Amino acid sequence: MAKLIPSLVAVALSTAIAGCSPAEQQDPKVTINTNPYPSTYHVLPNSTTLLKNAIVLTGTGQRIDGADVLIKDGKISAVGPQLSDEGAVVIDVKGKWITPGIIDVHSHLGVYPSPNAESHNDGNEMTNPVTAEVWAEHSVWPQDPGFNRAREGGVTTLQILPGSANLIGGRGVTLKNVPATTMQAMKFPNAPYGLKMACGENPKSLYGSRNELPMTRMGNMAGYRTAFIQATEYKRAWDKYDADYAAGKNPLVPERDLMKDTLKGVLEGDILIHNHCYKAEEMAMMIDLGKEFGYHAGTFHHAVEAYKIADLLAENGNCAAMWPDWWGFKLEAYDMVLENVAIVDAVKNACAIVHSDSGVTIQRLNQETAKIMHNANENGFDLKEEHVIGWLTANAAKSLGISDKTGSLEKGKNADVVVWNTNPFSVYAQAEQVFIDGAKVYDRQDPTYQAKSDFMLGQQ
């Protein structure tokens with residue numbers, strides 16, 4: 001036994017030395033920059049402002065007559081009667097109405113700008129059914145005069161989306177509607193990215209005409225599923241890399257793929273789905289697609305048949321962004337009712353939104369909403385202004401993932417505020433003053449606050 005001791009000691013020493021040896025030499029950790037084009041937005045010059053004696057719709061379902069709104073440090077400081085603040089600029093708006101700034105969740109301003117010219121048609125990358133790698137922000141032309149026209153209609157925030165030619169059309173970007181020379185200077189800080197998807201006729205018609213997949217709705221579904229299968233494997237590869245690196249190993253870095261980066265962001269819950277989808281059965285299918293791959297199906301846009309599945313949408317927490325009366329321009333848009341938004345809204349926990357998808361109707365979304373309220377009330381509903389304003393504000397903010405920052409006149413939220421000359425749902429309504437983060441960005445009576453695009457300077 002004594003002769004075995006030296007060898008046992010050697011083994012023990014060897015084991016001890018191995019246990020004390022440093023970890024495998026690691027290369028620098030590789031991480032994906034999820035925001036390589038960051039916002040450079042800065043709040044415009046502003047002062048403490050007290051708006052007095054208005055009819056206020058808070059965006060939370062409340063109407064307060066004879067109320068004041070105090071704006072301080074770019075935020076809503078207080079809403080209620082008989083407010084005061086030493087040093088505030090006091091504006092008497094007696095008889096006028098105040099609402100949160102309007103939010104349009106579906107716009108193509110800047111990517112399909114005015115004037116409508118082929119050289120500016122930058123909203124649809126119609127080269128592949130899946131183009132998740134493209135980002136609408138890389139096409140935005142901030143000098144689009146449409147931004148100014150929208151601001152004159154009370155729009156303070158808007159999401160710019162790619163078009164609907166592809167199954168997966170690319171990322172959308174949320175902008176603050178401030179005059180700027182760069183997209184980054186308009187970009188809403190820390191707003192989640194959106195991903196534009198499209199059901200139905202558009203993708204299958206375009207690619208079917210080329211004898212490519214998809215040619216049918218079952219081809220559409222196969223295309224989505226194939227893309228998310230690839231994204232799932234891509235995410236698994238990066239998750240393994242991160243875990244191995246954390247364990248002290250020196251793993252090979254997965255190969256970057258811009259398309260799969262975006263879909264990985266969806267799977268991780270960082271990028272929100274915005275899906276062009278008209279028909280009830282297709283929206284139901286897209287909800288199940290999300291469940292198959294573990295992501296939320298997000299907001300359905302246009303949603304002409306949303307009234308048929310209002311309970312399903314509410315149950316799954318899906319918003320529906322709809323028009324008041326656009327229908328019949330193609331077969332999948334045929335089965336419409338003018339009470340669509342109201343029916344969706346009537347279900348508990350619903351998230352009904354009115355959107356534009358138009359450089360024209362974005363200028364009067366308040367009156368688009370009024371049409372819905374009128375048609376619905378003519379047919380047995382009892383909708384009030386203090387409720388339906390949420391279709392343009394609070395619900396829209398929820399859809400974009402920014403409801404903690406804007407969408408209602410609650411203390412601490414961004415002071416995105418519109419002063420209207422009368423009931424905003426009147427045909428005679430005009431936005432008189434518009435504030436973004438407490439800074440006045442539009443005044444109907446003061447040319448100083450009537451921004452003009454560089455493109456329009458010198459135009460007759």
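In which helix does Glu201 lie? Glu201 lies in helix H3, residues 201-208; helices are DSSP runs (H or I) of at least four residues, numbered from the N terminus.

1. Basis of the note. This is a predicted model, in which local features need pLDDT of at least 70 and side-chain atom pairs count only at pLDDT 80 or more, while totals for chains, interfaces and linings use all residues. Residues are numbered from 1 along each chain as its sequence is written, and side-chain values use heavy atoms, without hydrogens and water.

2. Confidence. The average pLDDT (the predictor's confidence in each residue, from 0 to 100) is 95 for the protein, and 95% of the residues score at least 70.

3. Glu201. A polar atom of the Glu201 side chain lies 2.8 Å from the backbone nitrogen of Glu332.

4. Helix H6. Residues 280-293 form this helix of 14 residues, which reaches 21 Å from its first C-alpha to its last. That is close to the 20 Å expected at 1.5 Å a residue, a span computed as 1.5 Å times one less than the number of residues. Its buried residues include Met283, Ile287 and Phe293. Just after H6, Gly294 takes a positive phi of about 80 degrees.

Note on methods:
Helices (H or I, at least four residues) and strands (E, at least two) are DSSP runs, numbered from the N terminus. A polar contact is a pair of N or O atoms within 3.5 Å; within protein, one must be able to donate a hydrogen and the other to accept it, and residues adjacent in sequence count only if both atoms are side-chain atoms. Buried means under 20% relative accessible area, exposed over 50%, partly exposed in between (1.4 Å probe, protein chains only).
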